[in-house]
Amino acid sequence: MTSVGTPVPRVDGLLKATGTARYTADIPFEDLTHAVLLQATIARGRIASIDASAAEAAPGVLLVLTHLNAPRLPRMRAFAKGGSAQQTVPALQDDRVRFAGETVAFVVAESQEQARYAAMLISVEYDEEPPAVGLHGDAYPPAKVNGQPPDYRRGDAERALADAAVTVERTYRTPVHHHNPIEPPVTIASWDDDGGLTVHEAAQGGVHMMRLGFAEALGIPRRKAGSIRVVSKFLGGGFGGKGFMWPRNILPAVAARLLGRPVKLELTRAQMYTSGGYRSETVQRLRLGADRDGRLGSIVHESTSTGSDMGEFPEPCAQITQMLYACPNVTGTHRLVRQNVGVPTFTRAPGEGPGSFALESALDELAGELSLDPLELRLRNYAETDPEHDRPWSSKGLRECYSEGAERFGWSARNPEPGSMRDGRWLVGYGMATAAYSSHTWPTFARVRIRADGTAVVRCATTDIGTGTYTVMAQVAADALGVRPGDVTFEAGDTRYPFAFPPVSSSGARSIGPAVRAAALAVRTRVARLAVKDRESPLFGADAATVRAIGGGRLARADDPERYDTFVDVLERAGLGHVEERKGYGVMPFLHSTASGIAPWPVGPLLRVATRPFAGRYSTYDFGAQFVEVRVDPDLGVVRVSRVVGVYDIGRVLNPRTARNQAVGGITWGIGMALMERTTTHPRLGKYTSPNLSGYLLPTNADVPDIDVHFLDRPDPLVNPLGVKGVGELPVVGVAAAIANAVHHATGKRVRSLPIGPAELLG
Amino acid sequence: MDFLRPNTFAEALALKAEQPDAVPIAGGTDVMVELNFDHRRPPALLDLTRIAELREWSAVDGKLRVGSGVPYARIIEQLGGQLPGLAMASRTVGSPQIRNRGTVGGNLGAASPAGDTHPVLLAGDAVIEAASARGTRMIPAAEFYLGVKRNALEPDELIAAVHLNAAPGPEQFAKVGTRNAMVIAVCSFAIALHPAEKRVGAAVGSAAPTPRHATAAEEFLAGELDWDAPKPLLDSVKRRFGELVAEAASPIDDVRGSAAYRKHALAVLARRTLGWAWQDHLGKETRECA
Ligand SMILES: Cc1cc2nc3c(=O)[nH]c(=O)nc-3n(C[C@H](O)[C@H](O)[C@H](O)COP(=O)(O)OP(=O)(O)OC[C@H]3O[C@@H](n4cnc5c(N)ncnc54)[C@H](O)[C@@H]3O)c2cc1C
């Protein structure tokens, strides 16, 4: 009887559905003060004058920070360089304005209303300069892209292009995207009398990473970072937008220190567009060369995204192109164009999301040139081994994903002729795309404690960002211990618990799971050791290593399952309240010694190791195939997605219910990306024109059809002892391309710029 | 800010007379958004939700009086048979939550060119009952919309109700949006057949500073349709009708769509809805003859 693999309902489901889950903003605090941000209304220039006197005199106001009086704050170390920030330039340090929405004042008052009112009384005069807007300026190479050089080459792609029988050369564009989690970011900072800082955060960024970020920002030496506690119990979505230290996280702690009272900052929806990064717009030029049979001889993928003076995050679009198909000659390049719009950051399926739109659209165009079925084209270029690193995959079920998906979808009914399929007045189109995602294994520790009553508690500092970690990790521990999942409580989101890396890059299950399992097995072994030495135990004299868990908290002899002991009895006879073990997984040697969580933060090396798991012997990726049916109203140019089939190889499925939830959510992201999501920037003013959910359209229920999700559920024998890969981001990848391909199939019109709107289809 | 909570309509009118700059609030689905975005900061809010009479509707001799505070959800549930056009438009408003709160009175009060009920009210010859402490006047829908978010109410007036005939013939409403729900119309169109009077009401939304009748299109159809011996419509008639509807609009380019697209889409919606409505009419005629 194992729990892993069964659709255990979310343990926090009832709490969330009934509104009793306590999110960060709900936590009551005595003596709490409230902060608001005042943001720059110009995109570039200088603050000529700022007068906060009226605000300071307003009722309830406790503190107004501007660049004139704010404490000096250090530049933050970038995430890519082992730090915790994307925007490295701290707020309120000088009179420069670098983007619209940059914080120019921080107001603290007794109530949020008073703070808001006071902020309106601050008068700011600007010397405006024309901002750089759009990807028009000079392009320059970033220092690194996801820890790798900005340019990638294998073979000679230019030469192979020139020699190719068939070529496709196209440019694709994707707009600015915002994460738009339902819960706005919240920070509550409070200092105690001993100089200790406690921060309650809506943090995807991992409480330990944030602790180090706070230490850095507040000038607390690393060795004293233990005096900082960061807590994050529930998260109303993150998607990358709550992933790092931004000025909005730091300022409440700064103000709380000055005031000697706790300070709470909750962003407004509009401020979420300028205070936590975004996905950069991209321009991607794709050039493919193939022979007449469709064998790819060359791919050149050149991606340009937004650069900033305040930090650097190139959208890593071309990286998927480097590994997806067997092609001897590949060039991938990343360039940046500086803009006055703030620093971009990771957004669900960074790189692979927009990158796959370009690559998988281009492949569809090539299939058209060759009069070849798009699925057949992909099969002809199937990469049996990782062409980027020239080594085997740890597992790759992509071929099965294709065939299972095609079968479920009814791909064979596709008439290859664009515009040939109809349902009444609707034009019907079928499209498909490949999905791949490089989920990571990050260093993670877990502590498992079995208690005298036979229940267990597992602690790990990760945060459940809404994916179901609380539920799934209880299942993993339950199986390893041999108890019911209901007897296990998983506790997370607190720096007091063992170190965990931020749950980013679909890493949760595959990083936390093995650590939890290892710790639970260690606890079990320890209890078995107690039993085999205990004359009163039915296990007396057995070999502890062979003692098996037979469920229900029972440990039995390998040779005779009828002779068993229980956790409860062993602990009682030993007079122990609990037995506890801590284990790590995916752990670098240099982290092992300092695993209290105050470890140095060697992200650079971590990234390198993580992209080369198994000491460089295997490559591991999540794979999938997306099949989409659209209906296009030919007169109105309206597109509806009417069916989606997604088949995924994510290794072992720990919980089909929570995994399906990720897949449906991911596909829905893809639908939004294809058909509606876009943040528009005023071309002259450099401001977002509608930073709200009325202007930034997300899919509603009526936009999402029935989605057929299927997992191969085949454990990866090499990736980790659980055989689990990642699921959080994979299902986004390829959906937008599959939709664009289906729209082309329906109408004969190729849309290369997202989102797809009626203007493109009627024009 | 004062929050005034009258229990009766008479009290509300007295308060409004006393304080004409008090902003009425019904479902609040427009008012609260405006307050939230700080688009306006009225000295007082006049809460109409306690006034039972505004939440009632009645039908006398095929004439309906729909209280300004009847929410969309109830129009859909209770009036779908008698006011099919209004119910159709109501179904496309926002989300279930918005339809539970939002009202036709609020749609009229806001007078947004994109409000979904306006084309239906125009096509169906609705009359708006405006009341004040001074008395009551009846304003035809065609005279109600004065400009972008401006209507014909005097500062001391409140909307008591909307008067409509139970649909004398088939009605249709269609809307183009940038997604399938929770969406402001890119453009919208309503048509109502009035067989007894041998004429057609047609109006456009979200395609001009105000919702408006497509008068030339209405006149064209009145001349083309054979009400006594109805037969299937010629494509050329539908096409011409569509063109005239598009000509009635004077749309702008905005984030939701271009002016050219709006005109194009209106023509499509007009052709389609005319086809459906006439088909409906034909069906009825045949059923009645059989
Ligand atoms: C998320 C969302 C989605 C929406 N979707 C749509 C949509 O799809 N289609 C659409 O048309 N609208 C939509 N709206 C706008 C709004 O819901 C409608 O306009 C609705 O009809 C307003 O009704 P209400 O009762 O909430 O009005 P309120 O907000 O209470 O009032 C609106 C205006 O009318 C005035 N008013 C209200 N009652 C009276 C009265 N009796 N006499 C005089 N003046 C009065 C108010 O002072 C105010 O100016 C949406 C709004 C939201 C927030």
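**Stop 1: colour by confidence**

This is a predicted model, so begin by colouring both chains by pLDDT. The predictor gives the complex an ipTM of 0.94 and a pTM of 0.96. Chain A has a mean pLDDT of 94, with 96% of its residues scoring at least 70. For chain B the mean is 95, and 98% of the residues reach 70 or more.

Now select residues 589-613 of chain A, where pLDDT stays under 50. The model still has 44 contacts beyond four places in sequence for this stretch. Where pLDDT is low, the predicted coordinates should not be read in detail.

**Stop 2: the domains of chain A**

Domain 1 takes in 31-130, 181-238 and 242-272. Domain 2 is made of 139-177, 278-439 and 620-762, and domain 3 covers 441-611.

The C-alpha centres of domain 1 and domain 2 of chain A are 36 Å apart. Where they touch, 17 residues come from domain 1 and 18 residues from domain 2. What classes of residue make up the side of domain 1 of chain A that touches domain 2 of chain A? Nine are nonpolar, five polar and three charged.

Next, select residues 18-130 of chain A. An unreviewed UniProt entry lists this span as "domain: Aldehyde oxidase/xanthine dehydrogenase a/b hammerhead". In the model, the span is 12% helix and 31% strand, and its end C-alpha atoms lie 50 Å apart.

**Stop 3: a mixed sheet in chain A**

Show chain A as a cartoon and pick out strands β17, β18, β26, β27 and β28. In that order they form an open sheet of five strands, with mixed pairing. β17 (421-423) and β28 (707-711) each have a single partner strand, so one side of each is left without a neighbour in the sheet. Direction ignored, neighbouring strands here are turned by 25° against each other on average.

Zoom in on β27 (residues 638-649) of chain A and β28(A): they run parallel and are joined by five bridges. Within this pair, select Y648(A) and you will find F711(A) of β28(A) opposite.

**Stop 4: two backbone details in chain A**

Is the peptide bond from L754(A) to P755(A) cis or trans? The bond is cis, with omega near -5°.

For the second detail, go to the loop between β9 (166-174) and β10 (186-191) of chain A and select N180(A). This residue is not a glycine, and its phi is positive, near 50°. As background for both details, most residues other than glycine have a negative phi, and most peptide bonds are trans.

**Stop 5: chain B and its sheet**

Switch to chain B, which is divided into domain 1 (1-46) and domain 2 (171-281). The C-alpha centres of these two domains of chain B lie 35 Å apart. Also select residues 1-169 of chain B, which carry the UniProt annotation "domain: FAD-binding PCMH-type" in an unreviewed entry. This span is 31% helix and 26% strand, with 47 Å between its end C-alpha atoms.

Now pick β11, β12, β13 and β14 of chain B, an open sheet of four strands in that order with antiparallel pairing. At the edges are β11 (171-176) and β14 (212-213), each pairing on one side only. Six bridges link β11(B) to β12 (residues 187-194) of chain B, and F173(B) stands opposite A190(B) in β12(B). Helix α4 (residues 84-91) of chain B lies across β11 and β12, at about 20° to β11(B).

**Stop 6: where the chains meet**

Finish by showing both chains together. Here 12 residues of chain B are in contact with 17 residues of chain A. Which helix gives the most to the side of chain B that touches chain A? Helix α10 (residues 259-289) of chain B does, with four residues. By class, that side of chain B has seven nonpolar residues, four polar and one charged.

Notes:
Residues numbered from 1 in each chain as written. Chains lettered and ligands numbered in written order. Predicted model: local features only at pLDDT ≥ 70, side-chain atom pairs only at ≥ 80, totals over all residues. Pairing = 2+ DSSP bridges. Helix = DSSP H or I, 4+ residues; strand = E, 2+ residues; numbered from the N terminus. Contact = placed C-beta atoms within 7 Å. Axes fitted to C-alpha atoms, helices over the stretch in contact; angles between N-to-C directions. Nonpolar A, V, L, I, M, F, W, Y, C, P; charged D, E, K, R; others polar. Domains from an automatic or database assignment. UniProt positions renumbered as here; feature names shortened; annotations may be inferred. pLDDT = per-residue confidence, 0-100.
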